[in-house]
Amino acid sequence: MKRIITFGTFDVFHVGHINILERAAKYGDFLIVGVSSDELNYSKKKRYPIYSQEDRIKIVSSLEFVDEVFVEESLDLKLDYINAYKADVLVMGDDWDGKFDWVKPACEVIYLPRTPSISTTEIIEVVKMIK
């Protein structure tokens with residue numbers, strides 16, 4: 001069984017999230033998703049997600065092609081997560097291209113193109129302007 005792992009915040013869930021998770025699942029038999037904790041998201045983006053980590057986990061868990069979901073507490077623990085979940089392949093969006101090549105001794109790394117013209121940050125900015 002080939003195990004795939006990927007990570008993300010998955011806030012303000014949109015078709016781009018579905019596309020990358022669905023495509024990641026096709027690389028193996030079992031898809032594991034690390035959802036960034038609220039604190040990790042704040043440390044990366046200096047803002048908390050719109051949806052709580054519990055809600056984001058529930059949304060991602062509800063997808064038929066996602067087999068397991070866990071909370072990602074730290075970017076520095078990628079290799080620990082890969083080893084703990086016995087992942088064969090790490091799949092990330094190409095906005096991270098090259099940034100996780102250092103885990104290649106432990107697993108294959110694939111960077112997938114993002115869905116054009118959609119991002120959570122842009123959606124949040126548009127909604128702010130509508131107010």
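**Reading burial, charge pairs and strand pairing**

Reader: At 40% relative accessibility, what does R114 count as?

Author: R114 counts as partly exposed. The cut-offs decide: buried is under 20%, exposed is over 50%. Keep in mind that this model is predicted.

Reader: Which side chain meets that of R114 in a salt bridge?

Author: First the general idea. Side chains of opposite charge can pair when their charged atoms come close. Here R114 meets D95, at 3.0 Å from N to O. This pair links distant parts of the chain, 19 residues apart. R114 lies in the loop between strand 5 and helix 5, D95 in the loop between strand 4 and strand 5. D95 is partly exposed, with a relative accessible area of 40%.

Reader: How many salt bridges are there in the whole structure?

Author: Five. One of them joins the side chains of D11 and R47, at 3.8 Å. Those two residues are 36 apart, each in a loop. D11 is buried at 2%, while R47 is partly exposed at 23%. Another joins E72 and K78, at 2.4 Å. E72 is buried at 1%, and K78 is buried at 1% too.

Reader: How many residues of strand 1 are buried?

Author: Six of six. Check both faces. R3, I5 and F7 are buried on one side; I4, T6 and G8 are buried on the other.

Reader: Which strands pair with strand 1?

Author: Strand 2 runs parallel to strand 1, joined by six bridges. T6 has V33 as its bridge partner there. The chain gets from strand 1 to strand 2 through helix 1, in a right-handed β-α-β crossover. Strand 4 also pairs with strand 1 in the parallel sense, over two bridges. There, I5 stands opposite L90.

Note on methods:
Residues numbered from 1 in each chain as written. Predicted model: local features only at pLDDT ≥ 70, side-chain atom pairs only at ≥ 80, totals over all residues. Heavy atoms only, no water. Buried < 20%, exposed > 50% of the residue type's maximum accessible area, 1.4 Å probe, protein only. Helix = DSSP H or I, 4+ residues; strand = E, 2+ residues; numbered from the N terminus. Pairing = 2+ DSSP bridges. Right-handed = clockwise from strand over helix to strand, strands pointing away. Salt bridge = Lys/Arg side-chain N within 4 Å of Asp/Glu carboxyl O.
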